[in-house]
Amino acid sequence: MSGHGFLLANYVPGSSLLHRAPLWLKFLLVVGCGMASFLIVDWAAAAAALAVMCSLFLLSGAGVSRLFRAVRPVLPVLAAIGLLQWWQLGGPTAARIVLNVLVCIVAASVLTATTAVQRLLDGVASLAKPFQRFGADPERFALTIAIMLRSIPFIAGAYSDVRDSARARGLERNPRALILPVFITTVAFARQTGDALAARGLGEADTEEHAPPTAPAAGYAVP
Amino acid sequence: MTQSTGSAAATPARQRNRWNATDLGLIAVFAALVASSALIAAIPVAGMGVPITVQTLAVMLTGLALGPGRAFAAVGLYVLLGLAGLPIFSGGRAGLGVLAGPSAGYIIGFVVAATAAGWLTVLVLRRTAGRPGRLRAVLLFAAAMVSSIIFVHGLGILGMMVNAKLDLSKAFLVDLVFYPGDVIKNVLAVTIALALHKAFPDLLIRRIRSGAGAPAGTFAPHATVVHRP
């Protein structure tokens, strides 16, 4: 089984201005770049924005190699789009389209490189708070996130175990033998988790005090 | 995060079913399943040159296995955490920047498609309640195909048009590449979903039955108590 290494992938510890900036401000930066990418019509403006974002990224002390690693996954696709649009719409427009996407990606990397995963997750969990009046439950939401994170290494491990056993039976090219056991394991694991939660009184809706308005309450009242 | 849940549960506006601990476990673990399916290497398929990625398979299967509400929660949780910055999108990508990339439409489409597939699955399982067999498998495959064509491919094309500024015909051509893999994955997803429902008969069916009797009863003991007097 692999560990929790995936949780640390993007964060670079540090104490720069960006590390200390509040999460909502960095979030606004990313959303602002997303909005700007629809408004900017000049490729020079897009290039300037990209330069600003790259310097912000470097200001956080994350380094050039990490900057490259952040944009590398999209480079082949962007190159293909850029070439196609260059041919279709001309150089400046193609440059603007590609640069705008890069601005958004670098801005988002600034956020993830300067914010610890735990703080990001706390931020996500606090998203549920405004919806409390509609029945959302921040505590159960945070609990679900925690269970999900803990389950990822387990399921990744199940995939590799099942792949090994399929190979041992000579079935490594049979997708059903490679996938079905993983999903069965997954459901069984989910239900064990649910039972473990229920046994600890975690994650249950408060049915005793606030019974659903229809049948169950009446059913208990008339034995 | 440490505050009491009592006030939240007491709020009157609560139309949907409350999920119990098992439902929370299923939602969390299926979200993790979609995430790990995006992270593991693609699986080689006999008779096909290109190995298939398991991610869309896991997304559609979440719908087929859990039904609309829990599938929406599971895939939505996956997308939410990916956007928040966990590197759980395919290729280890993460963060809000994904929304600016050409694959943004597909990622949003996952959530809607899983929900739609779940909704259709409940419909199919209800209609074919007495006679599980070939008909059920075919209908479930149709449900998976329809939801992935309309939502995954539809929103995927839309995403490429918005973010990569491709026109409709080109985006459609690019998207066409994914169809053969999708058909195979949906066939697989349906066989696996049927096996899951066989292995865990109360995964979705009992919810449907209790749902038909008492809309608010989320798990079986309540339903039996209701019907006894």
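Predicted model: local features only at pLDDT ≥ 70, side-chain atom pairs only at ≥ 80, totals over all residues.
Modeller: Residues are numbered from 1 along each chain as its sequence is written, and chains are lettered from A and ligands numbered from 1 in the order in which they are written.

Biologist: What is the secondary structure pattern of chain A along the sequence?

Modeller: Helices (H or I, at least four residues) and strands (E, at least two) are DSSP runs, numbered from the N terminus. Chain A has ten helices and zero strands. Its pattern is α-α-α-α-α-α-α-α-α-α.

Biologist: How far apart do the C-alpha centres of domain 1 and domain 2 of chain A lie?

Modeller: The domain bounds come from an automatic or database domain assignment. They place domain 1 of chain A at 11-116 and domain 2 at 129-203. The C-alpha centres of these two domains of chain A are separated by 34 Å.

Biologist: How are helix 4 and helix 6 of chain A oriented to each other?

Modeller: Axes are lines fitted to C-alpha atoms, for helices over the stretch in contact, and angles run from 0 to 180 degrees between N-to-C directions. Helix 4 of chain A and helix 6 (residues 91-114) of chain A pack at about 120°, with axes 10 Å apart. Angles under 35 degrees count as roughly parallel, over 145 as roughly antiparallel, 65 to 115 as roughly perpendicular and the rest as oblique. Helix 4 and helix 6 of chain A are therefore oblique.

Biologist: Is A:R69 buried, exposed or partly exposed?

Modeller: A:R69 belongs to helix 4 (residues 64-71) of chain A. A residue is buried if 20 or more other C-beta atoms, placed from the backbone, lie within 10 Å of its own, exposed if 12 or fewer, and partly exposed in between. Because A:R69 has 15 C-beta neighbours inside 10 Å, its class is partly exposed.

Biologist: How are helix 3 and helix 8 of chain B oriented to each other?

Modeller: The axes of helix 3 (residues 55-66) and helix 8 (residues 179-199) of chain B come within 9 Å and cross at roughly 40°. Helix 3 and helix 8 of chain B are therefore oblique.

Biologist: With which residues is B:L196 in contact, leaving aside its neighbours within four places in sequence?

Modeller: B:L196 is found in helix 8 of chain B. It is buried, because 21 other C-beta atoms lie within 10 Å. The C-alpha atoms of B:L196 and B:L64, 132 residues apart along the chain, are separated by 9.6 Å. Leaving aside neighbours within four places in sequence, B:L196 is in contact with A:F183, A:I184, A:V187, B:A65 and B:L203.

Terms used. Contact = placed C-beta atoms within 7 Å.
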